[in-house]
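Q: Please take me through how the features of this model are read. I would like the general idea, then the case at hand.

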Amino acid sequence: MDIDAFVAAHQHQWDRLRELAATRRLTGKQADELVSLYRVTAGHLSRVRTSAPDPQVVAELSSLVASARSRVTGSSRTGWSVLRDYVTTTMPAALYRVRWWSLWTTIVSVLLAVLAAWWTLRSPAAMSALGTPKQLDSYANDAFASYYTNYAPHEFAGQVWTNNARIAAICVAGGITGVLPAWMMLSNALNVGQAAAILIDHGLTWQFFALILPHGLLELTSVFVAGGAGLKLFWTLLVPGHRSRTDALAEEGRTLITVAVALTISLGGAGLIEGFVTGAQIPWALKITLGVLSLALFLAYMLVLGARAQASVKDGGIAGDLEAEDAGAKVAVAG
């Protein structure tokens with residue numbers, strides 16, 4: 001197909017559609033004409049994409065069709081319905097898309113933490129590198145537990161949320177480097193493993209898990225998801241698959257923004273538990289139960305709702321990315 005001749009032949013229809021879409025009030029005849037031209041132009045867009053993929057024409061027609069579609073269908077969706085769909089479909093679908101990367105990040109991080117604890121307990125040099133015997137005694141018998149009670153609950157929750165959200169943001173935003181999320185995961189695993197080793201060495205194994213589990217189940221899982229999401233973006237840069245590298249990075253990048261929003265919320269929940277539950281004078285069994293329930297809710301949101309959202313893609317549903325008209329025109333690729 002001669003794209004220049006095609007544009008010349010149909011430019012008047014596109015100009016007319018653009019004019020009608022911009023008209024504030026339409027008569028009945030004009031509304032019918034708008035619908036007719038919208039269908040014709042959508043057909044033109046499909047034809048150009050498959051037969052003569054000119055990026056400029058595709059971008060122009062995509063924008064025009066999206067504008068006309070908005071005028072034809074109207075703005076029936078309210079702000080609340082958009083927010084509801086984002087929370088119940090888009091966010092869980094975005095989390096679901098990174099589930100395998102999150103799983104492997106979790107497995108590797110836990111193994112590294114266990115290895116760090118084992119090596120620190122086994123090696124006197126590794127233990128002494130963490131501090132003098134007096135400093136380690138103070139950490140195990142006082143500092144580790146008092147960390148959760150030194151500040152007012154609301155202040156502590158805010159500090160924890162801010163710090164954890166920063167870590168998650170670094171993992172997601174710096175994912176394209178591959179280095180930042182890997183380093184954050186390694187650093188986090190080593191810190192947890194070394195802290196566990198110090199308390200285990202002082203006979204306080206139960207205290208370590210009792211203080212970590214209430215908030216740590218949700219908090220660490222959220223951090224692992226952030227690390228997995230960042231590494232997935234890096235892998236997309238290396239192996240874009242059937243998509244062009246630009247389109248692949250754009251799609252994954254938009255999805256990771258949604259992942260970051262979801263993790264900000266989950267880390268906020270973990271911060272509230274750490275601030276108001278971990279250091280509270282309530283039974284440990286209740287604290288740990290709350291931690292398990294928070295993790296179960298997060299996993300159900302990520303895996304159950306996420307799987308449903310992913311399955312809806314076959315029927316035109318959302319899979320964690322923006323809808324086509326919001327995502328912008330893609331550069332057409334021939335062949």
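Q: What is the handedness of the crossing of α5 and α9?
A: A crossing is left-handed if the near helix is turned anticlockwise from the far one by less than a right angle, and right-handed if clockwise. The crossing of α5 and α9 is right-handed. This is a predicted model, in which local features need pLDDT of at least 70, side-chain atom pairs count only at pLDDT 80 or more, and totals for chains, interfaces and linings use all residues. Residues are numbered from 1 along each chain as its sequence is written, and side-chain values use heavy atoms, with hydrogens and water left out.

Q: At what angle do helix α5 and helix α9 pack, and how far apart are their axes?
A: Two packed helices are described by the angle between their axes and the distance between the axes. Axes are lines fitted to C-alpha atoms, for helices over the stretch in contact, and angles run from 0 to 180 degrees between N-to-C directions. Helices (H or I, at least four residues) and strands (E, at least two) are DSSP runs, numbered from the N terminus. Here α5 (residues 99–122) and α9 (residues 179–201) pack at about 40 degrees, their axes 7 Å apart. That makes α5 oblique to α9; angles under 35 degrees count as roughly parallel, over 145 as roughly antiparallel, 65 to 115 as roughly perpendicular and the rest as oblique.

Q: Which residues of α5 and α9 meet?
A: Contact means heavy atoms within 4.5 Å. From α5 the residues are Thr105, Ser109, Leu112, Ala113, Ala116, Ala117, Thr120 and Leu121, and they meet Met185, Leu186, Ala189, Leu190, Gly193, Gln194, Ala197, Ile200 and Asp201 of α9. By class, this contact of α5 with α9 has 11 nonpolar, 5 polar and 1 charged residues. Ala, Val, Leu, Ile, Met, Phe, Trp, Tyr, Cys and Pro count as nonpolar, Asp, Glu, Lys and Arg as charged, and the others, Gly among them, as polar.

Q: How do the axes of α8 and α9 lie?
A: The axes of α8 (residues 153–173) and α9 come within 7 Å and cross at roughly 145 degrees. In this crossing α8 passes α9 left-handed. Ile167, Ile170 and Cys171 of α8 meet Leu180, Pro181, Met184 and Met185 of α9. The contact of α8 with α9 has 7 nonpolar residues, no polar and no charged ones.

Q: At roughly what angle do the axes of α10 and α12 cross?
A: They cross at roughly 15 degrees and come within 9 Å, α12 being residues 284–311. The two helices are therefore roughly parallel to each other. α10 passes α12 in a left-handed crossing. Residues making the contact include Trp206, Leu217 and Thr221 of α10 and Trp284, Leu295 and Phe298 of α12. The contact of α10 with α12 divides into 14 nonpolar, 4 polar and 1 charged.

Q: Is Thr221 buried or exposed?
A: Buried means under 20% relative accessible area, exposed over 50%, partly exposed in between (1.4 Å probe, protein chains only). Thr221, in helix α10, is buried, with a relative accessible area of 17%. Not counting residues up to four places away in sequence, Thr221 touches Gly216, Leu295 and Phe298.

Q: How many salt bridges does the count come to?
A: A salt bridge is a side-chain nitrogen of Lys or Arg within 4 Å of a carboxyl oxygen of Asp or Glu. By this rule the count comes to 8 salt bridges. One of them joins the side chains of Glu19 and Arg16, at 3.2 Å, N to O. Glu19 and Arg16 are 3 residues apart in helix α1 (residues 3–22), so they are separated by about one helical turn. Glu19 is partly exposed at 46% relative accessibility, and Arg16 is partly exposed at 25%.

Q: With which residue does Glu252 form a salt bridge, and how far apart are the closest N and O atoms?
A: Glu252 forms a salt bridge with Arg97, with the closest N and O atoms 3.0 Å apart. This pair links distant parts of the chain, 155 residues apart: Glu252 is in helix α11 (residues 245–278) and Arg97 in helix α4 (residues 79–97). Both Glu252 and Arg97 are buried. Glu252 also forms a salt bridge with Lys232, again with the closest N and O atoms 3.0 Å apart. Lys232 lies in helix α10 (residues 205–238) and Glu252 in α11, so the pair ties together parts that are 20 residues apart in sequence. Salt bridges that share partners join Arg97, Lys232, Glu251 and Glu252 into one network.
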